[in-house]
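Please keep the sequence and the structure at hand while reading.

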Amino acid sequence: MAVFKLDNVEDLYEIGNILGSGHFGQVREVRERATGVLWAGKFLKLKKGAGSRLGLERKSVEKEVEILQSLQHQNIMALKDVFESRAEVVLIVELIKGGELFDFIAEKENLTETEAIEFMKQILEGVSYMHLKNVAHFDLKPENIMLLDKLAPNPDIKIIDFGMAHHFNQGEEYKSLGGTPQYIAPEIINYEPLSTAADMWSIGVITYILLSGLSPFQGETDEETLRNIVAMNYEFEPSYFSQTTNMAKDFIQKLLVKEQSERMTAEECLVHPWIKPLNRTQIAKRNRSSINMKNFKKFNARRKWKMSFNMVSACNRFCRLQLLCKAHGPEQQELRDCESDQEDTGTKPASLLRRRLSSSS
Ligand code: ATP
């Protein structure tokens, strides 16, 4: 079982600026008082009692911690320490300063497929490592793929947020309804038994977007997106994929496969000719092809706008909740203690697919 320290985190770390926020709390820069070294602190609100609707179950945080403790890889965010107080758990993790991979790419003028592949390779190496350890991430998406230091000549990829990850025990059947509509595999929507293959579907979607700036299953609403996924309703629109090699399309096609057992594994991806070319002709093709940068920038700007919109909506809901708390007194206290546990948007399927709704047998 994961051991959480009972020391007051502030005695050992100086708490600094907010680096980001999630559904269940904030991530802040922290400085270790003894050494002066900078880390990130992920502050997760805990449920106050069995009846409480808000905050995270301690068991769920333990699961995230145990998984992070079991993973030590250059492309996966490292966990240093865990502290627990009455209301929250604080994960002290590696500080990842380089921001999101997609933001880094969107700042560039141009990116060849060869350059994009260097990043894909690192993502695949991290994912292959965790899959070999029978861990599935279940929330791979651009927001969870960061760069350690974007000024480095070859920046290191770091996969973050293992809040929905699961370690499969032998013979275990595991189902989950968690994830983000655009990136989830059909078996999640259908509430079927899952495997590490669900992550490979998400990698197919991420690669599709990276090359074209289009999201393969995106509908007008989340409902429509989910229907498109289940119906496998996607194509390579020629106007968006005019600069893409056939090898890249083949790579994506072998990931966006409905049958889990027929989807490429991370190990297989690493030896696919798009990632590991077999001859000079293949190398030359990758070098000549580039990602659809104009459209990718548009996709990324829309994505960032949506993220800020969600953040503002969450803040507005929090303010409304505070007013409610004042009006209704102490019975509303628990709402106040969990301000960050709010829905993304008003859309129903996204709220159905909230994290950590899972079952195992
Ligand atoms: P979600 O609600 O998306 O599941 P979460 O509560 O599990 O989120 P994370 O996704 O782990 O939280 O982190 C929230 C944000 O904080 C990230 O999107 C990222 O911007 C920032 N962040 C997370 N970990 C780090 C880190 N180690 N270093 C720097 N920033 C980080």
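How many cavities of 30 Å³ or more does the count come to? The count comes to one such cavity, where a cavity is a set of points on a 1 Å grid over the protein atoms alone at which a 1.4 Å probe fits but cannot get out. The model is a predicted one, in which local features need pLDDT of at least 70 and side-chain atom pairs count only at pLDDT 80 or more, while totals for chains, interfaces and linings use all residues. Residues are numbered from 1 along each chain as its sequence is written, and side-chain values use heavy atoms, with hydrogens and water left out.

**The cavity**
- The largest cavity holds about 50 Å³ of space, a volume being the space filled by probe spheres set on the grid points, which are joined across faces, edges and corners.
- Its lining (residues with an atom within 4 Å of a point) includes Phe138, Asp139, Tyr183 and Ser202.
- Helix H6 gives the largest share of this lining, three residues, and the lining as a whole divides into six nonpolar, three polar and two charged residues; in this grouping Ala, Val, Leu, Ile, Met, Phe, Trp, Tyr, Cys and Pro are nonpolar, Asp, Glu, Lys and Arg are charged, and the others, Gly among them, are polar.

- In helix H8 (residues 246-253), Met247, Ala248, Phe251 and Ile252 are buried, that is, under 20% relative accessible area with a 1.4 Å probe and protein chains only, whereas exposed means over 50% and partly exposed lies in between.
- These four residues lie on the same side of H8 because they cover an arc of only 140 degrees around the axis, taken from the directions from the helix axis to the C-beta atoms.
- The buried residues of H8 pack against helices H4 (113-132), H6 (197-212), H9 (266-270) and H10 (280-288), with contact meaning heavy atoms within 4.5 Å.

**Two residues with positive phi**
- Most residues other than glycine have a negative phi.
- Asn134, in the loop between H4 and strand E6 (135-136), has a positive phi near 60 degrees, and it is partly exposed at 41% relative accessibility.
- Asp161, in the loop between strands E8 (157-159) and E9 (166-167), has a positive phi near 60 degrees, and it is buried at 16% relative accessible area.

**The annotated domain**
- An unreviewed UniProt entry places the feature "domain: Protein kinase" at residues 13-275; such annotations may be inferred rather than shown by experiment.
- Over residues 13-275 the chain is 31% helix and 19% strand, with the end C-alpha atoms 42 Å apart; helices (H or I, at least four residues) and strands (E, at least two) are DSSP runs, numbered from the N terminus.

Note on methods:
1 Å grid on protein atoms, 1.4 Å probe; cavity = no way out; pocket = protein on both sides within 12 Å on 5 of 7 lines; lining within 4 Å.
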